[in-house]
Amino acid sequence: MPFVTWLKRHLVVIAGLCTLAYLLLPNVIVTVFSFNKPKGRFNYEWQQFSTDAWKDPCGVADMCGSLSISLQIAVWATVGATILGTMIAFALVRYRFRARGAVNSLIFLPMAMPEVVMAASLLTLFLNMGAQLGFWTILIAHIMFCLSFVVTAVKARVMSMDPRLEEAARDLYAGPVQTFVRVTLPIAAPGIAAGALLSFALSFDDFIITNFNAGSTVTFPMFVWGSAQRGTPVQINVIGTAMFLVAVLFVLVSMLVTNRRNSQKA
Amino acid sequence: MTTTDSSGDVRLTGIGKTYGSFTAVHPLDLTVPQGSFFALLGASGCGKTTTLRMIAGLEEPTSGTVYLGDQEVTHLPPYKRPVNTVFQSYALFPHLDIFENVAFGLRRRGIKSVKKQVEEMLELVQLGEQARKKPHQLSGGQQQRVAVARALINHPKVLLLDEPLGALDLKLRRQMQLELKRIQTEVGITFIHVTHDQEEAMTMADTVAVMNAGRVEQLGAPTDLYENPQTTFVANFLGTSNLIEAEVDTKNGGDIVLKAGGDKLVLPESRCAAPTKTGGKVLVGIRPEKIALTHADDAGSIPEGRNRITGKIADASFIGVSTQYVIDTPVCDEFAVYVQNVERDGRLVPGADVVLHWSPAHTFGLDAAQDIDAGVETVEEEAA
């Protein structure tokens, strides 16, 4: 039974490849259909190969404007959530204060709460405060739900940090600021980076909370949703593919840098 | 390398530390002469590390002052003190390579050209080849040497070592003890070494302070502490001691004659740390290796003038260089005796009647008001 033996030996690899395919197939479809030239308004059936959409990615009215708003919100939400979240994480790990336990559990609430509920209650809050819905309300909402993720990521890192490292820095003539910049921050950096990346991704593709609190502002996910009712331009696939490529490039570069660093050390 | 110049002495006066209602260190006075290798010895939780951290500035004392030479540093933050620490966990910066770890202190003080100094320091600890590696790529012993180099490169007035060899295995530990001693002699800097290992303290240090429950029990050269302990804790914590409760009978010149059971024991008055008045109680101590064993049949051959006690061998363990006996005696039921295996007497087996005898000059006297077992359990705990 040579086939059974072969199967036994390679089962793990086969299962792995199947899982990868399962994960990546949607991305492949998005990419393939970015080269489609649909006949009607919907890009659901393959017609013929074309690079028209890639040559003119902003050819659809309002799409690039919404993309720009989404990117701006994602960047600012990332900055805001990362700074606040890092400070909260340090406070929770390093200091004993009243209500620390309560804060520790409450910080997870936004992750557990159904998004639609949070979206609706946020809208109620904004309306009661008389806030003008738009860019700022979206940004406030995004920072709010990204915070939990940053706190979780940074907290794990700070908790595993040896407190003696900071004492060693102070012992070696580093003042409080130097200690933070030269020792604490670099060691916490991987956690902070993970939190920031998560924030960016979460903010960029959030639809539900944004949709409730956007007023007349249209973000990219909202644009895609809106166009799905009327007809989907191929450019949406182009943007999707481009985002995917940027992410892959990002991973490849960071892997390359780590490898280079490791081989230099050896 | 000990100098008589006292401008670099570490002086602690009335220094103490309390956490809430718990007293970690009772106010204590301590002077560490410049250039000496000083050890703070004690079981875990005795306050030795807290004392060290107060010298480093990592812990604020509740009372008292810390002087480095003529400078009072009690309230200076650690980064303003000319003192460096080697931490128990080494605390090497994981994101920096060995070179940058060692250069850290120099760079923080704004010194630009560090290359030559760092390379020299890495040579001193024999790690020149490893400069570009990260700490996690080195072995425990190498990491330990980096930690020493990182502290020493700053030419501190005092180097503080907090159980620096605790994480190493026994063989490496012996090697590093000699290595640290060599470095200390070479650089001539004052070392203050915290350890719970009495052998380590005695091997390395010129002066040892034995700490117990936040107090210094006794301070002195290793031989003084061992040969003439002043408290039961020191007697039991440093090596093993046989302690016998005895009553003062008469005083005869410089000697005290004591009664223990039916036997008479002689103790030089100068070796007695307790007040002695006729009829009062004293603890008589003797180290196991100072005692000779003679079979009861040969009791007549024992020279006059030696302290003697009769007993029966309860147990004998042969451990190569010596044989360790446990003797059942009327005055103490577990008398420890170590006999070098030079000429072995085949009759000395469990059950044999023997006479234990030793020179009065090796006897020491302690205050009987103390706990006779102080320091005993602690040693067993550390060994476990």
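Which hand does the crossing of α2(B) and α4(B) have? The crossing is right-handed. The legends below describe a predicted model.

**Figure 1. Crossing of helices α2 and α4 in chain B.** Helix α2 of chain B spans residues 98-108, and helix α4 of chain B spans residues 140-152. Their axes come within 7 Å and cross at roughly 30°. Angles under 35 degrees count as roughly parallel, and α2(B) and α4(B) are therefore roughly parallel to each other. From α2(B), the residues in the contact are B:Ile98, B:Asn101, B:Val102, B:Phe104 and B:Gly105. They meet B:Val146, B:Ala149 and B:Arg150 of α4(B). By class, this contact between α2(B) and α4(B) comprises 5 nonpolar, 2 polar and 1 charged residues.

**Figure 2. The side of chain B that touches chain A.** Chain B contributes 21 residues to the contact, and chain A contributes 16 residues. On the side of chain B, β6 (83-86) and α2 each supply at least two residues. The most comes from α2(B), with 3 residues. The residues on this side of chain B fall into 10 nonpolar, 5 polar and 6 charged.

**Figure 3. Crossing of helices α3 and α7 in chain A.** Helix α3 of chain A covers residues 63-94, and helix α7 of chain A covers residues 135-159. The two axes come within 6 Å, with a crossing angle of roughly 40°. The crossing of α3(A) past α7(A) is right-handed. Its contact residues are 22 nonpolar, 5 polar and 1 charged.

**Figure 4. The two domains of chain B.** The domain assignment places domain 1 at residues 10-227 and domain 2 at residues 242-370. The C-alpha centres of these two domains of chain B lie 40 Å apart. Chain B as a whole has 9 helices and 20 strands. Its C-alpha atoms fill a box of roughly 80 × 45 × 40 Å along the principal axes. Chain B has 384 residues, of which 41% count as buried. Among contacts in chain B with a separation of 6 or more, 67% join residues 24 or more positions apart.

Notes: Residues are numbered from 1 along each chain as its sequence is written. Chains are lettered from A and ligands numbered from 1 in the order in which they are written. This is a predicted model: local features need pLDDT of at least 70, side-chain atom pairs count only at pLDDT 80 or more; totals for chains, interfaces and linings use all residues. Axes are lines fitted to C-alpha atoms, for helices over the stretch in contact, and angles run from 0 to 180 degrees between N-to-C directions. Helices (H or I, at least four residues) and strands (E, at least two) are DSSP runs, numbered from the N terminus. Angles under 35 degrees count as roughly parallel, over 145 as roughly antiparallel, 65 to 115 as roughly perpendicular and the rest as oblique. A crossing is left-handed if the near helix is turned anticlockwise from the far one by less than a right angle, and right-handed if clockwise. Two residues are in contact if their C-beta atoms, placed from the backbone, lie within 7 Å. Ala, Val, Leu, Ile, Met, Phe, Trp, Tyr, Cys and Pro count as nonpolar, Asp, Glu, Lys and Arg as charged, and the others, Gly among them, as polar. A residue is buried if 20 or more other C-beta atoms lie within 10 Å of its own, exposed if 12 or fewer, and partly exposed in between; C-beta atoms are placed from the backbone. Domain bounds come from an automatic or database domain assignment.
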